Amino acid sequence: MGKVTGFKEFERLSEANLPVEQRVKNYKEFVLHLSDDEAKVQGARCMDCGIPFCTAGCPVNNIIPDFNDLVYQQDWKQAIEVLHSTNNFPEFTGRICPAPCEAACTLNINDDAVGIKSIEHAIIDKAWENDWVTPQINPNKTGKKVAVVGSGPAGLAAAQQLARAGHDVTVLEKNDRIGGLLRYGIPDFKMEKSHIDRRMAQMEAEGVTFKTNQYVGENVQADDVLKNYDAVVLAGGAEHPRDLPVPGRELDGVHFAMDFLTPNNKAVAGDNVQGQIKATGKHVVVIGGGDTGSDCVGTSNRHGAASVTQFELMPQPPVRENRALTWPNWPLKMRTSSSHEEGADRDWSVGTKELIGENGKVTGLKAVRLEWEGRNMKEVPGSEFTIKADLVLLAMGFVSPLQNVLDAFGVEKDNLGNAKATTDGEGCYHTSQDKVFAAGDMRRGQSLVVWAIREGRQCAKAVDEFLMGSSVLPR
């Protein structure tokens, strides 16, 4: 906890953002972390609640009251030690996690939650600035070799933990750069890629080998991986997108969100991207109201779109949740992202009926209003309308990981197409195939970065126990 009466004395202070007109001119981060004094005051708001529901609400179980108090005491070096004890990459979560810990904060029952995410952001940025993030090299090597397939947050967390246990770890990534969806899914204005690069440098010093353009099931044979390594961790992302089966889907100008976002990230990195999808001067319609849709909105605004409209199938959520009913769980409520603040027309309970085109190119979208009764929806008679659209981006979520990777290893799948593996008991994270484990989105389906880190850490412990009979790695 921080100051005993801090929650009574101080109000929540959110991190400042650069002005919209300034930040949409580039792809740099625009969230300004708290100053030392501001973080101290925010840490003081952590109350002596007795049971820290925030820690339970956090998927990696960050020891939040402890680092809040340390920031209040201005013991920043000990604060990063506490934070790193549960979270390998707080610079990722401090930027892009939606902060379920704050929803579970006891102060959130009837007041504004402690700004846990902003405090975490301040801690890790100060740690990097002061060179407190250093390699943790295990001099006692086990002689065991582990392959990690996929270099997103789950794969990176598993690889780092296994290297620290003394194993020889190789990360196989199908793309040309390390980072998975952190690298080629999340726009740079939410998280610049230098954060991935410096973690890679730390991990390489710890003994992790990174290999890019290694697509298991395509140019790399699963049998070779199994033959050359003592254990394999499947940690790819949920990259198979949900499609929209309506007339006109085949028109030019209708694309999956990732076909729009990934090339843009490559262009920002300096690559010469041929045929890049641009929103410049176009009327953009984004179908899907989640984070990926929001990323499409922010990127379209930076391209200089003529207009951006975002449709969501579900009803508009309430502006404020009923905390007596939802706390400490993640509530359904209206959320406005920084990308929405930059400009977008948002509409809810809208179903797409048809994509309209001329000469093979999309020119508009025909939609209908929906009425919801519980989980059932029906179209509102006479509510059809048409909107102009030069570019339609499908951001309706992801249904499963890429199947060819799972098929290459012959692992059993669940009914959603994910690798089948449990997370507790004997054999946790172990797939149906000997030596093969699965973690993150490849096991649980589309989820949060913080869940991927949790599963990567827990899977590493399971692999260590499999190889050595026991493990000192934390779960």
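**View 1. Lysine 145 and its opposite residue in strand S4.** Lysine 145 stands opposite aspartate 168, which belongs to S4. The model shown here and in the other views is predicted. Strand S3 spans residues 145–149, and strand S4 spans residues 168–172. The two strands pair in the parallel sense, with five bridges between them. Of the five residues of S3, four are buried, and the strand is mostly covered.

**View 2. Helix H5 and its surroundings.** Helix H5 covers residues 64–72. Seven of its nine residues are buried, so the helix is largely enclosed by the rest of the structure. Which residues of H5 are buried? They are Ile64, Pro65, Phe67, Asn68, Leu70, Val71 and Tyr72. These buried residues pack against H3, H4, H6, H8 and H9. Among these partners, H6 comprises residues 76–84 and H8 comprises residues 100–103. After H5 comes glutamine 74, which has a positive phi, near 65 degrees.

**View 3. Contact of helix H5 with helix H9.** Two packed helices are described by the angle between their axes and the distance between the axes. For H5 and H9 (residues 116–129), the axes come within 11 Å and cross at roughly 60 degrees. H5 is therefore oblique to H9. Their crossing is left-handed. On the H5 side the contact involves Ile64, Phe67, Asn68 and Val71, which meet Ile116, Ile119 and Ile123 of H9. By class, the residues of this contact are six nonpolar, one polar and no charged. An α-helix has 3.6 residues a turn, so residues three or four places apart point the same way.

**View 4. Contact of helix H3 with helix H5.** Helix H3 runs over residues 36–44. The axes of H3 and H5 come within 7 Å, and the crossing angle is roughly 135 degrees. H3 is therefore oblique to H5. The crossing of this pair is left-handed. H3 contributes Ala39, Lys40, Gly43 and Ala44 to the contact, and H5 contributes Asn68, Val71 and Tyr72. These residues divide into four nonpolar, two polar and one charged. Asn68 and Val71 are listed in the contact with H3, and Asn68 and Val71 also meet residues of H9.

View 5. Isoleucine 63 is located in the loop between H4 (53–57) and H5. Leaving aside residues up to four places away in sequence, isoleucine 63 touches Thr55, Val82, Ser85 and Thr86. Tryptophan 451 lies 388 residues from isoleucine 63 along the chain, and the C-alpha atoms of the two are separated by 16 Å.

**View 6. A five-stranded open sheet.** The strands of this open sheet follow the order S8-S16-S9-S10-S11 and pair in parallel. S8 (254–256) and S11 (345–348) are the edge strands, each with a single partner strand, so one side of each is left without a neighbour in the sheet. From one strand to the next, the twist averages 20 degrees. S8 pairs with S16 (residues 391–394) in the parallel sense over three bridges. Phenylalanine 256 has leucine 394 of S16 as its bridge partner. H14 packs on the sheet and touches S8 and S16, with its direction at about 75 degrees to that of S8. H15 also packs on the sheet, touching S9 (283–287), S10 (307–312) and S16, and its direction makes about 175 degrees with that of S10.

**View 7. Contact of helix H14 with helix H15.** H14 (residues 257–268) and H15 (residues 291–303) pack at an angle of about 50 degrees, and their axes are 10 Å apart. The two helices are therefore oblique to each other. H14 passes H15 in a left-handed crossing. From H14, the contact takes in Ala257, Phe260, Leu261 and Asn264. From H15, it takes in Thr292, Asp295, Cys296, Thr299, Ser300 and His303. The residues of this contact comprise four nonpolar, five polar and one charged.

Terms used: Residues are numbered from 1 along each chain as its sequence is written. This is a predicted model: local features need pLDDT of at least 70, side-chain atom pairs count only at pLDDT 80 or more; totals for chains, interfaces and linings use all residues. Side-chain values use heavy atoms; hydrogens and water are left out. Axes are lines fitted to C-alpha atoms, for helices over the stretch in contact, and angles run from 0 to 180 degrees between N-to-C directions. Angles under 35 degrees count as roughly parallel, over 145 as roughly antiparallel, 65 to 115 as roughly perpendicular and the rest as oblique. A crossing is left-handed if the near helix is turned anticlockwise from the far one by less than a right angle, and right-handed if clockwise. Contact means heavy atoms within 4.5 Å. Ala, Val, Leu, Ile, Met, Phe, Trp, Tyr, Cys and Pro count as nonpolar, Asp, Glu, Lys and Arg as charged, and the others, Gly among them, as polar. Two strands pair if DSSP finds at least two bridges between them. Buried means under 20% relative accessible area, exposed over 50%, partly exposed in between (1.4 Å probe, protein chains only).
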